[in-house]
Amino acid sequence: MTHIPTVTIREATPADYAAIARVVSTVTPQHPMTAETLAHQVKVLTENPLKPHLQDWVAELGGEVVGQAVVYQSVGMFHPDRYNAEVMVIPRAQGYGIGTALANVLEAHLQERGAKEIEAGAYEDDPMSLRFLIDRDFTETMRFFDNVLTLEGFDFAPWQAQMQMPEGLRALSLTQFKGEVGQEKAVQAFYGGFSEARLDVPRTGEATELPFETFVQRTTDPNHYPEGVWLAVNEAGDVVALTELWKNDAEPERLDIGLTGTRQAWRRRGLGLALKLRAMQVAQAAGYRELWTGNASTNAPMLALNERLGFKPRPAYISFKRGSVE
């Protein structure tokens with residue numbers, strides 16, 4: 001007789017963060033995670049003034065955490081009736097009905113909360129997860145491409161003209177900017193530019209205002225890399241464009257690109273490209289091997305820019321939705 005290990009589903013606790021990070025890193029190796037990063041993400045979410053909801057569970061197989069499910073509300077496009085949902089089970093634990101059991105717990109919780117809109121997703125090369133969502137009446141809304149650039153051997157010589165800043169603007173790293181004007185003024189100016197530029201990022205719902213206190217928490221993230229944050233600063237000390245590089249504590253030789261954006265009045269001057277090239281140069285000199293970035297399928301200008309630079313596309317993450325808050 002074949003022994004089937006006991007499956008247990010329970011609410012997660014902070015003691016499970018390391019195990020959850022292992023599940024996430026195994027299921028989505030494109031975006032590995034550590035317990036430290038997960039803990040920071042939970043802290044930022046739970047301290048947000050919008051008071052977004054967060055609930056997570058783990059699945060144990062024979063006493064080992066092999067799956068997780070989470071329901072949360074995104075503060076970037078918050079609505080009291082909109083929720084994000086994720087279910088993950090490591091490959092060797094599939095076939096025991098764990099994903100279905102986690103999904104049933106998650107669905108009951110969402111129903112109890114009165115959720116009207118649920119966002120979820122899966123990678124296009126994961127047919128099992130895609131079918132899992134489609135069978136539960138989710139429909140595709142948008143695709144986000146992972147794009148990867150190998151920094152070793154990248155030649156900056158042909159790009160020297162594009163790295164120059166227009167008259168009246170200077171390119172400074174966040175570290176340099178803080179050194180000139182002090183921590184408080186630099187972060188305030190960075191926040192001003194970031195808040196306007198982020199409004200044009202493609203998303204599946206309307207952007208929510210970003211409180212300054214929440215923005216400041218970005219600087220306490222374990223992956224914050226101020227030397228890799230580059231800003232276009234005008235003569236008044238305003239940040240008019242920016243690009244961000246983030247460390248990845250699960251992969252020390254890799255950097256992830258955050259927001260690259262420009263304020264409305266300063267667009268079409270090549271500022272995003274100039275700043276991204278400077279950040280890339282710093283990253284190469286520091287010995288980083290790869291840059292990863294994610295771009296929505298609707299963001300044609302950024303996809304074209306990254307293609308020019310030599311970024312190579314990886315399988316897309318497909319965003320799905322069920323229901324609507326409208």
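## A predicted two-span protein model

Buried residues, meaning those under 20% relative accessible area with a 1.4 Å probe and protein chains only, make up 48% of the 326 residues in the protein. This is a predicted model, in which local features need pLDDT of at least 70 and side-chain atom pairs count only at pLDDT 80 or more, while totals for chains, interfaces and linings use all residues. Residues are numbered from 1 along each chain as its sequence is written, and side-chain values use heavy atoms, leaving out hydrogens and water.

Let's turn to the overall shape. Along the principal axes, the C-alpha atoms fill a box of roughly 75 × 40 × 35 Å.

The fold has 9 helices and 12 strands, counted as DSSP runs (helices H or I, at least four residues; strands E, at least two). Of the contacts (heavy atoms within 4.5 Å) between residues at least 6 apart in sequence, 72% join residues at least 24 apart.

UniProt, in an unreviewed entry, places the feature "domain: N-acetyltransferase" at residues 7-179 and 177-326; such annotations may be inferred rather than shown by experiment. Here are the two spans:

| Span | Helix | Strand | End C-alpha atoms apart |
|---|---|---|---|
| residues 7-179 | 31% helix | 31% strand | 54 Å |
| residues 177-326 | 34% helix | 28% strand | 42 Å |

Key. Buried < 20%, exposed > 50% of the residue type's maximum accessible area, 1.4 Å probe, protein only.
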